[in-house]
Amino acid sequence: MYYISVTYSLHFLGSLVGSLNIFKSNQLTHYDELSFCKWSILKLKSRFCALLMLSTCAMVSQAQSINPLPIVDDEVRYSVGVSAWSPASKTSSFLANNVYAGSTQASVPDNIQRTGGFAMINAEAHQDNWGVMADLVYWQVNNGSTNTTSYINKKTSVYESQGANTDQTILSGALTYTVFNDDALYADALFGVRYISSTTSANVNSVITTTQGKRVIKQAATGYYSATQSEASPIIGLKGRYRINESEWFLPFYVDVGQGFDADNLTWQALGGVGYAFSWGDVALTYRAMYFELGGSQGLTKYSNYGPQLGITINF
């Protein structure tokens, strides 16, 4: 549309210059001059109106933005997204009878530095008002290592090294149903299950060195320990997006809550932010928070993760 408008503008200016040159180069009578002027003015008015209409069409065409809201119909639609979530975290431990045992905290830079492998993927499929969704969060965190050397006496020393890692998997799956859909707001209710698994593993190596005269005797021992906590909890929630001023910009939102079979194992998740839609999908910058509890009669551990997330979604 811009190409047509610019071309017509050049043609319009060329006609104007040409008309002025004809007026200057020919000796016309007073009557002819008046007729020529009237003809030129009418011609210029008509071309100006045409130019204005083309420019308006170009602006209207440019103003037609991509709708970030899904189209609800009989066609099956799919989407796959990947994200990078960088949360701060807090872990609180409780012994039996809810006796507080301590807590640890880590900032966003701390977790980025300690994170090993990670995967954050989500996928959805919809037809008409019904749909299914799945969301996977996996990360491996290095809890640090220590190396110490102690001396029992002048001839005997003990060297110890310890290292620990934590692997967490949070997998959510749900059936969805569109409960609201208009020009500005799209919302799905969801009902599903969240599976959470947290495995902490530790390696312990020790070497005892004893000196007997000219002889050096070393005794080594290695130990590996691993403990896993897991829980599956039913969840219900609401997710969707709000379109901003009929533009490509939108506000995504997500919230869910669930309760495990144990009365203490609560889980919830919330997300909100801003996104921009393209013809192939969208990009969103959000703030995500997730809370869950793992444990039982022997004790309970509460996990909180909260921080910014950048996500890219591709629609099919």
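**Labels and their grounds**

Guide: In this predicted model, Thr-178 lies in strand β6, which covers residues 156-181.

Visitor: Why is Thr-178 called buried?
Guide: The relative accessible area of Thr-178 is 6%. Buried means under 20%, so Thr-178 is buried.

Visitor: What makes the pairing of the Thr-178 side chain with the side chain of Asp-188 a polar contact?
Guide: The distance is 2.8 Å. A polar contact needs a pair of N or O atoms within 3.5 Å, one able to donate a hydrogen and the other to accept it. The side chain of Thr-178 also makes a polar contact with the side chain of Tyr-186, at 3.3 Å.

Visitor: Which residues is Thr-178 in contact with, leaving aside neighbours within four places in sequence?
Guide: They are Val-72, Asn-129, Tyr-186, Ala-187 and Asp-188. Contact here means heavy atoms within 4.5 Å.

Visitor: How do you know that β1 pairs with β4?
Guide: Strands pair if there are at least two bridges between them. β1 (residues 77-85) is joined to β4 (residues 115-127) by 6 bridges, so the two pair, and they run antiparallel. In β4, Ile-121 is the bridge partner of Val-82.

Visitor: What about β1 and β12?
Guide: 7 bridges join β1 to β12 (residues 299-315), also antiparallel, with Val-80 opposite Ile-314.

Visitor: Which residues of β1 form the covered face, and which the uncovered one?
Guide: Arg-77, Ser-79, Gly-81, Ser-83 and Trp-85 form the covered face; Tyr-78, Val-80, Val-82 and Ala-84 form the uncovered one. In a regular strand the side chains alternate between the two faces of the sheet.

Notes: Residues are numbered from 1 along each chain as its sequence is written. This is a predicted model: local features need pLDDT of at least 70, side-chain atom pairs count only at pLDDT 80 or more; totals for chains, interfaces and linings use all residues. Side-chain values use heavy atoms; hydrogens and water are left out. Helices (H or I, at least four residues) and strands (E, at least two) are DSSP runs, numbered from the N terminus. Buried means under 20% relative accessible area, exposed over 50%, partly exposed in between (1.4 Å probe, protein chains only).
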